[in-house]
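These are my notebook entries on a structure that I went through element by element. The sequence and the structure come first, and my notes follow.

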Amino acid sequence: MPSDAVLAAPAVSAPVTATPVLRVSGLSVEYRTARGVVHALDNVSFELAPGETLGIVGESGCGKSTLARAVVRLLDPSAGTIRLGETDITHATRRRMRAARRDLQMVLQDPAASLDPRWTVGDLLAEPLEIHGIGSRAERRARVADLLDKVGLPPEAAQRRPHEFSGGQRQRIGIARALALEPKVVVLDEPVSALDVSVQAQILNLLTDLQRTLGVSFLFIGHDLSVVEYVSDRVAVMYLGRIVELGGRDSLWRRPAHPYTRALLDAAPRIDGPSAPAGPGLTGDTPSPYDLPSGCRFHTRCPIAADVCRRLAPAMQALSPGHHVACHFPDSGSEPPSMQSAINS
Amino acid sequence: MSHAVPNEPVLAVDGLSIGFQTRRGLLPAVRELSFSVRSGEMLAIVGESGCGKSLTALALLGLIPPPGRVTGGTVRLEGRDLLALDEAALRRVRGARIAMIFQEPMTALNPVLTVGEQIMEAILEHEPVSRKAARKRTLALLERVRIPDPERRFAEYPHRLSGGMRQRVMIAMALAGAPAVLVADEPTTALDVTIQAQILSLIDELRREQGTAVVFITHDLGVVSRYVDRVLVMYAGRKVEERDTRDLFADPLHPYTRGLIAAQPRAGAGAAGAVRERLAEIPGTVPALAAMPAGCAFAPRCPLADERCVQAVPPPRRAGSGLVACHHAGETHAL
């Protein structure tokens, strides 16, 4: 465990009354490597409501992909719990996980890596159904046709192999496969990052349509802020293994309270945004995960860091219902940005 | 030591065509491309995968890999046609008057030489200075690109550096010969957004302070809107539109440009929980090099296409601050 003091983080709940489909609480992941132990994920908590999209953003090394893999149990957490509906899957055996996968699926950035090139698309889509013993052969075939239709591919696609498709079409196949068992939760790890912008728009529209008709929940991992803003109902911002801010999409974009969130939003240029960054931007690189800063992990790059930030990791606190931040000096949004005054002084 | 006359373009590309020699004949990848850049100006070439933007960048330095080759046109750097030079003469120009940085600096950096040695080598290749003087210049360059602790970094190998630091080293190397033109091919695509901002503001500062002309290859329209003066949009190997940046985003004229901009997620596109505004899609896909339409290459995907578009390639026409190649340029507002 990191040596700095971590105050108990209150559960961050969705501003909805429905029972969450996914509850992640105090999740930590450590990697043991030749160079030492990496605390890739530290005490991460969130909930996902039915039909909701929670976006996870952050830069390299922030732990967002580790989080995605830990949630679907491709990685074993070192602490914390993962609840899928009423079931605790934190330490589920391989067999129990197989049952859980009906409700919990994943889509990767490069679908080609997860689609066996020797199989036809029809076999790839029918496989999850076979594993779970769903339907007769004829029923499965009908279901494959239905899935292809749902993701906007022609029925003939079932006879072809993944390499015969473009990147965007392969991502449609990856999405169809993830949806075959009608899961409640799909974890999408950078699903549009490898696609051109016109194809990206097609896939984002498809995800929006599918969520509306199927009521599935998405955990959407991304690095492109405009994409994450577009798809998400709520967004969690991560830095060096921790969630630093979590809030409703609009609340977070309009009133970013953590200095890292502000710097991130300011650094990302967008065609309908300001023509120049408002602040001076962050200096330096993200610290090495082998040698994490004490206290608040952002203090080495933070323009408003004070002594307490070097000593004590800030606890998650609520700024407004559903908007939480882990910072000793969060920007309340009502006063002029303290970032500027700190730099000028 | 700039040879540029004020307002005279430092780089002028005219009718550049690039093709791939295959068993089925010559496949055209870039066709009759013309543009120019002035000192201190940043021009972006944008477009999606396969539009020819990266090939164009390589052609500017005579670096097209076989089976690709330049099949026509001129690339004039300070008045001299680079395409007419032999390899030895080209090597003298490369690095000295025109330099390039890439998306992944590791492919261009030598892994067995220290950062300092590589930059020194770049200086010594073009200038008859002592090693001591070259070393001093190297340290100044490392400082110029804001590498902290240059003395220590000088002796470090590239793999020890972060992605952002490597890109700074690449830029320092590119600046070693004080080039008139810097070609930057997706230099920040592999970097995190806060590091991207650092590198882009560094490039921006260099061209303002040293008058370097920058040809910036990118797919990121957000980056273009913040840092670039003028934009050239390519589709299937041709220039379809070229405008001042502000005009391009305020009033895109080509249907493809309009499609690209509309496909980009906008701020506040539908409140959370509410039905999201759909993103505009461009139907279909880019035509294959071997199956290029006879007329406008965008016609099969274009909502405005008619018989004329299928028959004839639209020539670039003057339009406000720039050029557009569309038979229906004035009508795109109806979309």
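**Entry 1**

I looked up the bridge partner of Val181(B) in strand 8 of chain B and found Ala213(B). I note at the outset that the model is a predicted one. Strand 7 covers residues 181–185 of chain B, and strand 8 covers residues 213–218 of chain B. The two strands pair in the parallel sense, over five bridges.

I then turned to strand 6 of chain B, residues 98–101, which pairs with strand 7 of chain B over four bridges, also in the parallel sense. Here Val181(B) is the bridge partner of Ile98(B).

Is strand 7 of chain B enclosed or open to the outside? I found that five of its five residues are buried, so the rest of the structure largely encloses the strand. I checked each face in turn. Val181(B), Val183(B) and Asp185(B) are buried on one side of strand 7 of chain B, and Leu182(B) and Ala184(B) are buried on the other.

**Entry 1: the antiparallel sheet of chain B**

I next traced an open sheet of four strands in chain B, with the order 2-1-4-5 and antiparallel pairing. Its edge strands are strand 2 (25–37) and strand 5 (80–81) of chain B, each of which pairs on one side only. Within the sheet, strand 1 (residues 11–22) and strand 4 (residues 68–77) of chain B run antiparallel and are joined by eight bridges. As one example of a facing pair, I recorded Gly19(B) opposite Arg69(B) in strand 4 of chain B.

**Entry 2: helix 3 of chain B**

Which residues of helix 3 of chain B are buried? In this helix, residues 115–126, I listed Val115(B), Gly116(B), Gln118(B), Ile119(B), Met120(B), Ala122(B) and Ile123(B). The cover over the buried residues of helix 3 of chain B includes helix 4 (131–144), helix 5 (150–154) and helix 6 (163–175) of chain B.

Arg23(A) stands opposite Arg83(A) in strand 5 of chain A.

**Entry 3: Leu195(A) and helix 7 of chain A**

I located Leu195(A) in the loop between strand 8 (185–189) and helix 7 of chain A. Leu195(A) has 21 other C-beta atoms within 10 Å and is buried, because the cut-off for a buried residue is 20 or more. I set aside its neighbours within four places in sequence, and its contacts are then Gly167(A), Gly168(A), Gln171(A), Gln200(A) and Ile203(A). Gly168(A) is 27 residues away along the chain from Leu195(A), and their C-alpha atoms are separated by 6.7 Å.

Among the buried residues of helix 7 of chain A are Val197(A), Gln200(A), Ile203(A) and Leu207(A). The buried residues of this helix pack against helix 6 (167–179), strand 9 (217–222) and helix 8 (225–231) of chain A, together with helix 10 (255–262) of chain B. Gly215(A) follows helix 7 of chain A and has a positive phi, near 70 degrees.

**Entry 4: where the two chains meet**

How many residues does each chain bring to the contact? I noted 36 residues from chain B and 34 residues from chain A. On the side of chain B that touches chain A, helix 7 (193–210), helix 8 (221–227) and helix 10 of chain B each supply at least two residues. By class, that side of chain B has 17 nonpolar, 12 polar and seven charged residues.

**Entry 5: the record**

I consulted UniProt, where an unreviewed entry lists "domain: ABC transporter" for residues 22–265 of chain A. The end C-alpha atoms of residues 22–265 of chain A lie 27 Å apart, and the span is 39% helix and 27% strand.

Conventions. Residues are numbered from 1 along each chain as its sequence is written. Chains are lettered from A and ligands numbered from 1 in the order in which they are written. This is a predicted model: local features need pLDDT of at least 70, side-chain atom pairs count only at pLDDT 80 or more; totals for chains, interfaces and linings use all residues. A residue is buried if 20 or more other C-beta atoms lie within 10 Å of its own, exposed if 12 or fewer, and partly exposed in between; C-beta atoms are placed from the backbone. Two residues are in contact if their C-beta atoms, placed from the backbone, lie within 7 Å. Two strands pair if DSSP finds at least two bridges between them. Ala, Val, Leu, Ile, Met, Phe, Trp, Tyr, Cys and Pro count as nonpolar, Asp, Glu, Lys and Arg as charged, and the others, Gly among them, as polar. UniProt positions are given in the numbering used here, feature names are shortened, and annotations may be inferred rather than shown by experiment.
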